[in-house]
Amino acid sequence: MKKWVQSAVSILFCVAATPALAAEGDRYVGLMGSYVSPDSARNVDDGIGARALFGYMFNERTSWEVSIAGYQADHDYDSESLTVGTLGADLRYLLGSGGIAPFLIGGFAYGYNDEPDNTQTVPSANVGLGLLAQFSERLSLRAEARYVGMFREDLVPGENQLFDARADIGLQMHFAAAQVPAYTPPPAPPVEVVQLPDNDADGVPDGSDQCHDTPAGIQVDAVGCPLPPPVVTVDSDADTVVDAVDTCSDTPNGMQVDTNGCAKKEQTLVLRNIHFESDSAQLIGDSKSVLDGIYNGMVGQPGMRLHITGHTDSTADDDHNLLLSRARAVSVRSYLMGRGIDRSRLSSDGKGESEPVSTNDTEEGKALNRRVEFKVLEQ
């Protein structure tokens with residue numbers, strides 16, 4: 001065997017078998033350049049050629065390949081040359097299972113030897129070693145060295161068999177992206193859990209528990225003492241004073257309150273959603289439910305006294321509007337007294353059209369002028 005073949009074999013055996021690019025069902029193609037050292041009995045120089053191949057992985061290590069190869073070498077004794085072409089089938093076995101791996105390869109081929117005035121078909125067998133090195137998801141560098149035996153009596157006079165040495169190097173492309181196994185860290189050693197004594201079962205060990213014998217179900221802090229009760233922030237009447245300190249419940253919506261949640265004195269609450277029949281003091285619609293809010297506020301604040309004032313627009317004459325506004329104020333007062341509010345806590349009068357808050361030239365302005373006002377006389 002030539003010295004360069006021996007060197008190649010030595011290098012291949014020194015390469016560490018790191019994970020190779022291989023997966024079951026993977027298909028790949030390869031294209032390589034070749035350097036051939038023919039048997040000395042052929043009387044030809046070393047030649048160069050090429051190999052093209054297709055492969056299919058049976059599993060992560062084993063694949064079969066078909067290839068077309070050929071080379072050309074010059075005669076030692078004249079200017080003619082030898083041309084060799086083969087069609088072969090090989091079995092390849094990877095010695096690793098990751099990104100860089102040596103491999104074993106061997107198989108059979110059938111081809112021709114073409115020389116001037118002498119073309120013959122030749123069967124052959126080969127064995128060899130190779131190296132596959134992945135450098136992208138789909139592409140690998142491939143190098144191999146083979147020993148090829150040819151068996152035909154009349155290929156060279158006096159020789160029944162010939163042996164060539166062949167080296168190939170090139171690229172191998174995979175149809176599927178590389179499947180690199182994910183790194184799985186080793187399992188952490190088990191941690192022994194030591195249960196510390198906790199006599200009151202509040203989750204704080206006795207050595208850190210500053211409040212022993214906490215009743216079951218009580219939430220505790222980091223030192224085992226009961227947590228303070230949660231702060232209640234409920235404000236049922238939405239007057240900005242929470243129920244915990246609100247001494248006047250159900251304050252009518254819109255009234256200003258003091259720090260105790262009670263309606264302030266001398267303020268006036270204007271309501272435009274108390275409605276009456278046309279040119280009448282008869283309450284209609286949801287007016288009574290609106291007045292129920294005033295009633296609830298007076299119940300929640302027993303010291304509150306209210307003065308009720310009715311207002312109209314300018315649709316009728318002044319005297320008529322004055323009487324109508326007074327009647328409507330009395331109607332509101334009567335409803336609240338009917339609910340149970342003492343008459344001494346309520347007074348009423350009417351202003352007719354004398355105190356408009358908007359123009360009476362538009363329907364929108366008239367609607368604003370028709371209103372009932374509640375003035376707080378006493379808290």
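The model is predicted, so local features need pLDDT of at least 70 and side-chain atom pairs count only at pLDDT 80 or more, while totals for chains, interfaces and linings use all residues. Residues are numbered from 1 along each chain as its sequence is written, and side-chain values use heavy atoms, with hydrogens and water left out.

Let's start with the barrel. Here 8 strands close up in the order β1-β2-β3-β4-β5-β6-β7-β8, with antiparallel pairing. Strands are DSSP runs of E with at least two residues, helices are runs of H or I with at least four, and both are numbered from the N terminus; two strands pair if DSSP finds at least two bridges between them. Strands β2 (residues 47-57) and β3 (residues 62-74) are joined by 10 bridges, and G49 has Y71 in β3 as its bridge partner.

Strand β3 also holds S67. S67 counts as buried because its relative accessibility is 6%, where buried means under 20% relative accessible area with a 1.4 Å probe, protein chains only.

Two polar pairs (N or O atoms within 3.5 Å, one able to donate a hydrogen and the other to accept it; residues adjacent in sequence count only if both atoms are side-chain atoms) are worth a look:

| Pair | Distance |
|---|---|
| S67 side chain, R51 side chain | 3.0 Å |
| D317 side-chain oxygen, D319 backbone nitrogen | within 3.3 Å |

The D317 pair sits at the start of α3. Buried residues of α3 include L324, R328 and Y335. Just after α3, G340 has a positive phi of about 125°.

Note on methods
Buried means under 20% relative accessible area, exposed over 50%, partly exposed in between (1.4 Å probe, protein chains only).
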